[in-house]
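Dear colleague,

I am passing on the structure we spoke about, and below it you will find my notes on how its parts pack together. Please read them with the model open beside you.

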Amino acid sequence: MDTLVLLLVTGLGLGALYFLVASGLSLIYGLMGVLNFAHGAFLTIAAFLGWEAGRRISDGTWTGLAISAAVGILVGATVAVLTEVLVIRRLYERHIEQALVTVGISLAAVALFEGIWGTDPIYTDRPEWLTQTTEVLGARISNDRFLLIACAALVLGGIVLFLRRTRYGLIIRAGVENRHMVTALGIDVRRSFTLVFAIGGAAAGLGGVLASVYYGYVSAHLGSVLLIFAFIVTVIGGLGSLTGAAIASVLVAVLQQFANFFLGGTGDLVVVVLLAAVLLIRPRGLMGKAA
Amino acid sequence: MNATTLRLLVGGILLVVALAALPLLAIDIPGVLPGPTYTPGTLQLLAFALLIAALALSYRMMFGLAGLLSFGHALFFAAGAYGLAMTLEAFGPSDWPSPVVFVVSIGITLVLGLTLAATVGSLALRVTGISFAMVTLAFAQAGSVLIRRNPSGATGGDEGISLDTTHVPAELVGVVDTRNLYWTALGILVVVYLVVLWVEKSRAGHVAEAIRENELRVRVIGLRPYDVKLLVFIVASVLAAVAGMGYLLLQSGAAPRIATADFTLTLLVIVVLGGVGARWGAIVGGIVYTLLDQRLTALAGSDAIAALPDVLRVPLSEPLFILGTLFVLVVLFLPGGIAGLPGRLATGRKPHPVEPEEAVDA
């Protein structure tokens, strides 16, 4: 029983990370059909700068972590908006080339991070509470899992509220449904696209700081690893669906944890098998729209 | 056969003969090649460039001809390299004569590559456009994880696998025989080129081109795009496996690096840098990239770079940073890649942007 609870909560924590990356990916894809390979790089730079800022001001305390998170969110959003405005917007309606450009950015960015911060992981300090465990139903669970789950839930709630309650949210939701119709109504979808990039970047930035808490280190490849799982999550959940991304994040991460424990560390492979199964049975993903 | 085809044919044969003669000559291009062309080091680099060109050519067939943006092509290259290494090792000491074992191993690896390509292709082609890219990436990632995990010591994990030379012909082993390996690499490039040419000129090739332009219309005519796309996917993947086998022989081993997502993305960079519009673009891209990568790495370690202030030194000492930036600039400002340059210079007009497949999920 305690093992099950432990695996479940750990899976939820990892799923929270996947969701923070996948939510931005899915919204960006849903609105403009752009697959953003640079999303992992947004996460990594936010993790690095967030860690640098937090460390300098107050290392290993809650204040330090809060500053890290704030800086991470800000950096993620800024870098994402810059990328959209300077590079992606120039290739309007050319989806394949938009994706290609982000591939170039991600390659260059990872190389640059390696140049600046080195190839070895940098271990980070955390507030003491996060290094301790709490007993839940007999399972001793690291406290950082709770932080991850809470943050992801907040982000999910925040984005849902934003999408449902605000005018911009309305435009974005309509744009995801039918971009051409919204454009025909005289609304500039491109502006909401920049906004979606900012939101996605901010979520990825927070994800970066939390990933450095979860793994205990920052490295130049932090984003690339999470990005591939975020891709899988996005396809399984259905491209463009936020709810799909949330459900698939939890499903993928929990399954991964269980397979790692019970099936001899085959978590990554089981995830790909799950992807293959979803493609066979339901190619549009769990919550994807019918063609 | 008209005059243009004849001229191209003669030109092609002359080029291959010239390339084949390189190991017998002493051409030294300082700054581009590490030494004269007859030295093993230079031949090794050139052979590697030819294999990467062959791999890029197979990838171009998929992306440039059929519009399939696969992010999993490295999987098949790695399957060729690791497959051959593992099969050769599995034979161990054998009653059969070594040449037979060598040929049979190559055959087994080809069948393995074919099966893998058919499985991954038939699954991934259930989705189109960007989803297809993500799914192929996921499968390639699974392959990469398997190789790193080293199941029952078969792949050597992070160490990589080394070539068991028991059954490999003596002509292909050792530094002295680098020129034979160079000729093997050249042979592989020629074979890959001919197969790609054959597929492109065939009926299936024309249908693939039509699918790239408008899949719906092809469907309306009553043809099945899925079958044609699967065929192109399988042929391109098996060719990648062939290039992978050449890589194993040339490097006398395989490292897990060739199965990573980074390697696939690098391949994409090569093809787009070279230009998806023309076959020779992929070849030029592969050769330019390999030489550039090698020289940039050498340059990064040079004293001139080390003396620069940090702001310049850090980016300039990372070859991938330069290549990534170059790639972004090419996509933004030079949509035809290197292969599109002569046309642009001649007409002064921008070529039509390549948009192989609308990213709308069917």
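Predicted model: local features only at pLDDT ≥ 70, side-chain atom pairs only at ≥ 80, totals over all residues.

On the side of helix 10 of chain A the contact is made by Ile228(A), Phe231(A), Ile232(A), Thr234(A) and Val235(A), while helix 5 of chain B brings Met134(B), Val135(B), Leu137(B), Ala138(B) and Gln141(B). By class, this contact has eight nonpolar, two polar and no charged residues.

Taken as a whole, the contact between the chains involves 44 residues from chain A and 46 residues from chain B. Together they bury about 4000 Å², of which 78% is on carbon and sulfur atoms, and Ile96(A), Leu100(A) and Leu107(A) supply 17% of the area that chain A buries against chain B, more than any other three residues. The count of salt bridges between chain A and chain B is zero.

Within chain B, helix 3 (residues 73–91) and helix 9 (residues 225–251) pack at an angle of about 45°, with their axes 7 Å apart, which makes them oblique as well. Helix 3 of chain B passes helix 9 of chain B in a right-handed crossing, and the residues that meet there include Phe76(B) and Gly80(B) from helix 3 and Ala240(B) and Gly244(B) from helix 9.

Notes:
Residues numbered from 1 in each chain as written. Chains lettered and ligands numbered in written order. Heavy atoms only, no water. Contact = heavy atoms within 4.5 Å. Helix = DSSP H or I, 4+ residues; strand = E, 2+ residues; numbered from the N terminus. Nonpolar A, V, L, I, M, F, W, Y, C, P; charged D, E, K, R; others polar. Buried area = accessible area lost by both parts, 1.4 Å probe. Salt bridge = Lys/Arg side-chain N within 4 Å of Asp/Glu carboxyl O. Axes fitted to C-alpha atoms, helices over the stretch in contact; angles between N-to-C directions. Parallel < 35°, antiparallel > 145°, perpendicular 65-115°, else oblique. Left-handed = near helix turned anticlockwise from the far one by under 90°.
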